[in-house]
Every structure is written in structure tokens, then in C-alpha cells.
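Colleague: Before we look at any particular feature, could you show me how to read strand pairing and ring contacts in a model like this one?

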Amino acid sequence: MQTNLLFGIHCHQPIDNFDKVVYEIIEKSYQPFFQILKDYPDFKCSVHFSGWLFEFIKKNRPELFSLIKSLSSQIEFFTGGYYEPILASIPSCDRVAQINKLSDFIIENFNQKPRGLWLTERIWDDSIIDDLKECDIDYVIVDDYHLIASGFKKDELNGYFLTENSNNQMALFPINKDLRYIIPFATIDNSIKKIKEFSNIEGKNAAIIFDDGEKFGVWPKTYEKVYEKQWLKNFFEKCIQDETINVTTFTDFYDKNKAISLSYLPTVSYHEMGEWATLPTNANDYLNLVHQHMDKEYLIRGGIWKNFFIKYNESNWIHKRALELSKTKEVSEQFKDYLYRIQCNDVLWHGVFGGIYLPNLRDNAYKYIIKCENILDNTGCKKCDINMDSYEEYKFYTPDLITIIDPKMGGQIIEFDLRKQYFNLQNTLTRYHETYHDKIEKVEEKDILEVEEIDSYEEIATIHNDSLLSTTEDIELFTDWYIKKSAIDHITDKSLNKESFKACNFNEYADFANQAFEVENVSQNSIKLKRNGGVYKEQKKNTQLTKSFIFNNKKVESIIEIKSEESSTMKYLLEYNFHFQDYEILTVNGHNINEALHLENSQVTILDQSMNKTISFYFDQCMDIYIYPVKSVSQSEAGVDYTIQGIALGFAKDFSSQLNLKYHIDIQ
């Protein structure tokens, strides 16, 4: 009785992640892993690094790069998208270019032509098969859930399967979920026992594990277990010494064994991704179904990965900006490199890892969006349906700013780019309700320490679990009912104050904040929008709101006009939400933004020392001004993250029947 162990790790960090984070992961995970691997030349290992991470290591940790290079004889290198895109989410031409770019890097640096591809987040769609064949790929790593969702039995998934599209054939190696959950979290004995469960008399079965390299050192408690307690060293030794385990590579197994079966996969990823991608309206029903009927896993499927473009407006906008830029005729190598960097997957979704909730990841995506725009060097006004909602958005270019207006979404400013700083002030995040918010509990610091002290290093928990999320912070959970960008129009009453503005629970009487406006006229540097809506106090009172914008280099001028049949005194509230790099040194009219503020003034000055910029609002009349830091609550591998996403500014004015308001924004 024997089994073939196909063992692989994939290593990736978000594009331009903080240097200190990447260095820490190198020191705690990648470096010690390959140092130990070197001592066991009989342990064959498959490895995938995203291209940019390989570049980073080659430049900044050449000794590690040389170590990996010296192990080429026992390592099988897997290719993939150079900047780790979800292949099914990018155009075919970019898909082929990114795969070939990484394959060429591997050939040049490791003298090995990759035959296998690491499928980012295992997002499968048949549309990628033809492009994979064009890139000379023979086999792809998927999950056992991919085949379970097609109707195959879990105990049948001990090798590779074949699929096809347009007469192009592709082999699929399914990762075993049980192995993914126990390595390196279980004891050595339990891990080896699980591997041996795949053995058979012919010795043709495979135990397949291909998982995060970061699991070996930077996931909670893994450094102590894997290296200090020598789990990895002992694991390598046990596998090599056990005559019933044949540690081999995917290419050797593929060449020596036939496929188990022909298969056809749905558009699918691993089980947890289906949970994370389920739309909010179905999330609780899905979780209940899973908990009640996990034995019918093959019939229970969550959302597809592209649902993140539906769940998170901010994700959809970054993705569609990348698609828009990909359609241009610009073919310079610099432009293409910036474009491929935008396509990195990490910023576009959210599960256990922060993803779209991490401001720095969104900043990096917009940095390259703006660099692409600067290469294109457009002027004046351009219009097109960027986000594919059947409404055209309007892009206004000045030498210093790119401003994008979305008439459908309340005529909001949805992008506000500082071209020379490569920074989008409108890179904000709406506060969404997440199903895991119901699992968050406040605990004392001493309680966390006590738990850590009694946990065994022999058996540690994976981050994929259903337990409560603990935090020591006093968090506030608020949900926004509209997308939080800028130039948002509210009509409210005396319920508005700094606390209700922060909680987003002031009375809303009108239908302007998130409903479509008509474009009355547009020029190369101006636009006028109008909505014939209503104020719904006791009954609908017809109300017309028009707003115009003029764009002059570093200045945006605006006029708001309201005419309403509602004669009682109401409050008009103009809302802006801006994103910045460093909120510790940011001031508004001299105030630090730690808590909600209420001011009365006709001018607001935001001093952003991190970019050495001053952003000033000037109104033609005195306004009630409400300001607060917008904070999101999200889960991560470390637990709960409480993150400042931006600052909200509300400018309120009483009016009866009609209002005429002028203001301008000046950026210096």
C-alpha cells in the first residue's frame, strides 16, 4: 500500500504591500521554509510565487532568491498571472500576457519551463482554458470542492481529472480540503495518518496539498509550531522515512498516471470563497443550509467570485476602471505594466483577509490607475459607461485633477484624483453590514492572554473556523444605506446632529442621495445635473434639485438649487467623504479628527501634512458643519480590524421651499 504525496506552497503578497510586512513574512515564513527544505533534498516540493514577490525577493533578499534557485532540482515551479489576478476577471489578452510574463521569469531565473499553473484563489471558469493552452499549460490546481460541486464523490478525488473547452484539453489536480485544514495545524502523527488514508495497492493514488506558504510561519501561532517546535523538519523527515509515502512532483505524477475521469466544472472556487461571495440577501440562508446539510455539500453552493463586484461598489469600480483602461490603444510596456498591477486580486474581495477593507490596497490600485491615465494624457471631458450599469459617467481632466461624476448614483463625485500625487481622495469605503458582525464580542486584554497561555502548540486552530470574533476595542457598528462618495444631497430636519450624522440614522425625506439625475448640459469643463424628485414628509411634495460643477485646474465650483412644494422648514445636507493617508496628522479647521465635530462656519480647511496638501471648502453663507472619522469593522486573520476609511463632512442649511447655495473647493 502506497500513496503519492504532491506537496506545494503558493506565496503572494498584495502589490506594493508595506515593506515591513513583506520583510516580516520573508523572515518568519519563506526564509526558514526553504532553509529547512534544503536539508531534505529527497522531499520534492512544488512552489508558486507571484511575479512581483519574486522580483521583491530577488532585489531585496538576494540570499533567499539564491537559496530557492539552488533548490531548483527538487522544486517544481508553477506559473500563474504575474501580478496574481483572478484570471477569469481580466481580458484574454491580459491573461495570456501575465501568464507568459511569469513563465518567462521562471525560465530565465530557474531554467525550468512551467507546465502547471497556480489558479489564483482557485477561481475556475471554462473561459480560461483556451488561453491556458496558448500558454503551454498542461495542468491546473483546483480544489476538491470544484469536483464535488460537479457531482464527484470526495473519496474519488485522489489524482487528476481532464476537462476541455473548444477542443482544448486541460488537466485538473484537486487539493484535498482535509489536508488543507490540518497541515500544519495538526500533530505530525495525525498529518501522516491522513496522508496514508490515500494509499492503495497500485500506489497510483495521490494525496494533494497546495496551500499558502504564509501558513508556515505567519498565520497565528504557526511560527512557534512550525519552526520553534520543529513541526516542518519532523514532517519532512517522517514523509521521507515512511516507505508507504512517495513524495513526488505534479509533473512526475501527471506523466506516469492516467486521468481519473473526464469532468466539467461549474464556475466555482473553494468552499469558503462561496460563503464569502454570497450576496447579503442570501448569506444567512446559505449559512443555515450549510450547517444543517453539510453532508449534501455537493448540492450546496454559495456565490461566485464576481459577486464581490455586486457586494462592494468600491470593488466593482476598481475592476471596471481596469477593464476600461485595458480597452485603450495604448501599448507601451510601461502602461501595460501599470495595468497588470491594477489587476492584482487582493483588493477586489473580502473573506478572512482584509481585501477591499484595506485602504492601502485600494491606494495602490488607484496609484496605478492614475499613472495609466497620466500616460494617456486626456484633456477636457470624456464620457462612457465605465461601471457597466447602462448610465454614462463623465470624466473631467485638468492638469492637476481627474474628477468623475456618476449621474445614476445621485450625481455623486465618485473619483477625485490628484494626478501628481497618484492619489484618489475619493477612495472611501461604504460601511456595509457583514454577517460576521453578529459574532463579534468585546473581551478584556487579560482574557486573550489567558487563552494564549493554555493553547497547545501541538494542535492549533486554522483561521477558517466558526468561532466568535474577539476584540478589545470599543467598536461602533454602523451601516450606510447609500454609497458614501461625495456631493451627496440629503433633505432632513432637526434630527440631524453630529451623532445622527455619524450613525447615518437622521431622518431622510427626499430621494436625491442615491437616485439618478439627468444631465441637462455638459461642456469640456462643466456639467449640470437635475432631478425632479420629491420630499416625502407626510405625502410627496414635488421637489427639483439641480447642481452644477465647473472644473478649473485645482478648483471645483458648484451651485445647488432646490425648488420644492414642501413649505415647512427643512434642512439641506451636502455630504462629502474624503480619504487620506495619515489621519493622525490630519486637521480640519485646526481640529484633529478623532471624534465627531460640530462647527459653524462658511469655510472648512483640511490640512493634509502627509501629502502637503490643503483642501478648502468656501460657501457663500454660514453652514452647520458636521464631521466624523468613518470607521469600518472587518474580520482578518488576526481577528477584528477597526479601520479609518475616511472623513465625512456634512454641510447643512435650513430652507423653506427653495434654496440657492454656492461653494467651491480649492486644492493647494
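Modeller: Two strands are taken to pair if DSSP finds at least two bridges between them. This is a predicted model, and in it β4 and strand β5 (residues 139-143) pair in the parallel sense over three bridges. Within that pairing, glycine 116 stands opposite tyrosine 139 in β5.

Colleague: In what order do the four strands of the open sheet lie?

Modeller: The order is β4-β5-β7-β6, and the pairing in this open sheet is mixed. Its edge strands are β4 (116-118) and β6 (161-165), each of which pairs on one side only. On average, and with direction ignored, neighbouring strands of the sheet are turned by 40° against each other.

Colleague: How many aromatic pairs are there, and why is the pair of tyrosine 576 and phenylalanine 617 edge-to-face?

Modeller: Rings pair if their centres lie within 6.5 Å, and planes over 60 degrees apart count as edge-to-face. By this rule the count comes to 69 aromatic pairs. The rings of tyrosine 576 and phenylalanine 617 have centres 5.1 Å apart and planes at 75°, so this pair is edge-to-face. Because tyrosine 576 lies in strand β22 (residues 570-578) and phenylalanine 617 in strand β26 (residues 613-636), the pair ties together parts that are 41 residues apart in sequence.

Colleague: Are tyrosine 576 and phenylalanine 617 buried or exposed?

Modeller: Both tyrosine 576 and phenylalanine 617 are buried. The rings of phenylalanine 578 and phenylalanine 580, with centres 6.4 Å apart and planes at 85°, therefore also form an edge-to-face pair, and both of these phenylalanines are buried.

Note on methods:
Residues numbered from 1 in each chain as written. Predicted model: local features only at pLDDT ≥ 70, side-chain atom pairs only at ≥ 80, totals over all residues. Heavy atoms only, no water. Helix = DSSP H or I, 4+ residues; strand = E, 2+ residues; numbered from the N terminus. Axes fitted to C-alpha atoms, helices over the stretch in contact; angles between N-to-C directions. Phe/Tyr/Trp six-rings, centres within 6.5 Å; stacked < 30°, edge-to-face > 60°. Buried < 20%, exposed > 50% of the residue type's maximum accessible area, 1.4 Å probe, protein only.
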